[in-house]
Amino acid sequence: MPQRIVIVGGGVGGTIVANIAARALHADEAEITVIDATGQHQYMPGWLYLPFNGSEGLELSRSERTLLNRHVRLVVGQVAHIDPANRELRLLPGQGHGGIEGLGGVREATLPYDFLVLGTGARLAPEDLSGLVAGEGRWHDFYSLEGALRLRAALHNFEGGRIVIAIGGIPYRCPPAPLEFTFLLEDWLGKRGLRQKTEIHYLYPINRVFTIESVAEMVTPLLEQRDIKYTVFFNTDEVDTDQQVIKSLEGEEVPYDLLVMVPPHRGAKVIEASGLGDPQGWLPTHRNTLEVKDQQGIFALGDATDLPVSKSGSAAHFEAKVIAQRLIAAVRGEEPDPNHALYDGEVMCFLETGHNAATQLVFNYEHPPKPPRPSLFYHMEKQLFNRAYWHIVPQGLV
Amino acid sequence: MLQLADITIDKEIDARGSFCPGPLMELIRGIKVLPVGGVLAVLSGDPGSAKDIPAWIQKAGHEFVGAFPEQGYTRFVARKTH
């Protein structure tokens, strides 16, 4: 009997795990299933550029089926409940005439598993910050496709005033993104002839403008040279969209004309519904083996974990390779190779600083990043990666 | 002097090796979901935490219980007061 590997979430992590495992394991060793809610794979880093029309030529989404090894079964459906005691998942009933896509037309299904990989990601939770739900439509974000498109429309109608960029909750996906957005915004406003009419105000929760000290030291002078105002120790407590004021836990108030928020994030609903997560729905995950703590045969990766690494495609990418090695060994009853089957906190990402420059952050649990001076080289590398992604990353080729 | 053994810790976050988002972000995240009166510990190997963590706790008006050095890292303990 082949072992049943079920992967929930067809994001970057889940897709890489499926593809590496499918290449290594024979069909009589393992049956690999990916369950994805939409069947569409999103390239979320592309959303950063959308508000500035900077995503021409960038593909932001592709069919998950086209990215998966042909031996991987894709089920398009929503997982309603995970039952680790019985090693099975319950799917929500299919909506269309054909039932649940990928399951031969059945309307309801319970899927058993021997190994489970949870790449269930993060979801935006505006309900976690006072004022966001009531003020819907009167603040902006670039953390969803719809949000980024709406922000693009708002920016294209903008004629000057105060733009505030703020963090609505911790943790959030891609910690450098708000800083990148701020730099790209400054650049774009200059090209539109609106820079002199606009005050840009960047608000950040901790005592410097970015979490990594060396990066903060590098970018703070850039903010100052470009006349971008910043306030640190600003943890957003409330957004008042009537008065157009944002308020912090630390007792400060900042007025705005256009507000760009990083909405609060939470783990997936199914994690909360199954009682597997912490109070925010993040999965308690072993920092090296990536096993979900106190569970048997369950792994977690990417945004879904509670690990102290950035919620990013990059972390998910490196984690996926570790999980794939552990699964392959487990299916064959072998010990995992300690050189490839332990996650060391590896992350590699870029930080756009505007004006066609970027820097690069490479780090792991042991080694802090040593970012190079922002340059055209890293900006071009990032642009190249944005395009090459579809051909090398989901397949697990890099 | 206050001893670690005298404190009841409700939640502990291991932020060792965290550069991004970093130990202070982990502490803020932990404080936010803790009930008022709860005690949070964050493990950090980052020397900068000795300055960053007490500074934020003071700014946010919570109580800094103490910093307890261990082998290669420090356990920072805070109580949520409001």
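**A helix pair and its surroundings**

Guide: Start with two helices of chain A: H1(A) and H7(A) cross in a right-handed sense. Keep in mind that this is a predicted model. H1 of chain A covers residues 12-24, and H7 of chain A covers residues 313-331. Their axes come within 8 Å. The crossing angle is roughly 30°. An angle under 35 degrees counts as roughly parallel. H1(A) and H7(A) are therefore roughly parallel to each other.

Which residues of H1(A) meet H7(A)? On the H1(A) side they are Val12(A), Gly13(A), Ile16(A), Val17(A), Ile20(A), Ala21(A) and Ala24(A). The H7(A) side brings in Gly313(A), Ala316(A), His317(A), Glu319(A), Ala320(A), Lys321(A), Ile323(A), Ala324(A), Leu327(A) and Ile328(A). Sorted by class, the residues of this contact of H1(A) with H7(A) are 12 nonpolar, three polar and two charged.

Now widen the view to the whole of chain A. Domain 1 of chain A gives 11 residues to the contact, and domain 2 of chain A gives 16. On the domain 1 side of chain A, the residues touching domain 2 are six nonpolar, three polar and two charged.

Two backbone details of chain A deserve a stop. The peptide bond between Ile170(A) and Pro171(A) is cis, with omega about 0°. Pro171(A) sits in the loop between strand E11 (161-167) and helix H4 (177-191) of chain A. The other detail is Arg87(A), whose phi is positive, near 50°, although Arg87(A) is not a glycine. Arg87(A) belongs to the loop between strand E6 (79-83) and strand E7 (88-91) of chain A. Most residues other than glycine have a negative phi, and most peptide bonds are trans.

Step across to the partner chain. Chain A puts 25 residues in contact with 20 residues of chain B. The chain A side of that contact has 16 nonpolar, six polar and three charged residues.

Chain B has an open sheet of four strands, in the order E1-E2-E4-E3, with mixed pairing. Its edge strands are E1 (11-14) and E3 (63-70) of chain B, and each of them pairs on one side only. On average, neighbouring strands of the sheet are turned by 20° against each other, direction ignored.

E3(B) pairs with E4 of chain B, residues 73-79, in the antiparallel sense over seven bridges. Glu70(B) has Tyr73(B) in E4(B) as its bridge partner. Pro69(B) faces Thr74(B) in E4(B). The two strands, E3(B) and E4(B), form a hairpin with two residues between them. Gly72(B), in the turn, has a positive phi of about 85°.

What does H2 of chain B, residues 49-60, lie across? H2(B) lies across E2, E3 and E4 of chain B and runs at about 5° to E4(B).

H2(B) also has a helix partner. H1(B) and H2(B) pack with their axes 9 Å apart, at an angle of about 30°. That makes H1(B) roughly parallel to H2(B). The crossing of H1(B) and H2(B) is right-handed. From H1(B), the contact uses Pro23(B), Leu24(B), Leu27(B) and Ile28(B). From H2(B) come Ser49(B), Asp52(B), Ile53(B) and Trp56(B). By class, the residues of the contact of H1(B) with H2(B) are six nonpolar, one polar and one charged.

One last stop in chain B. A cis peptide bond links Cys20(B) and Pro21(B), with omega about 20°. Pro21(B) lies in the loop between E1 and H1 of chain B.

Notes
Residues are numbered from 1 along each chain as its sequence is written. Chains are lettered from A and ligands numbered from 1 in the order in which they are written. This is a predicted model: local features need pLDDT of at least 70, side-chain atom pairs count only at pLDDT 80 or more; totals for chains, interfaces and linings use all residues. Two residues are in contact if their C-beta atoms, placed from the backbone, lie within 7 Å. Ala, Val, Leu, Ile, Met, Phe, Trp, Tyr, Cys and Pro count as nonpolar, Asp, Glu, Lys and Arg as charged, and the others, Gly among them, as polar. Two strands pair if DSSP finds at least two bridges between them. Axes are lines fitted to C-alpha atoms, for helices over the stretch in contact, and angles run from 0 to 180 degrees between N-to-C directions. Angles under 35 degrees count as roughly parallel, over 145 as roughly antiparallel, 65 to 115 as roughly perpendicular and the rest as oblique. A crossing is left-handed if the near helix is turned anticlockwise from the far one by less than a right angle, and right-handed if clockwise.
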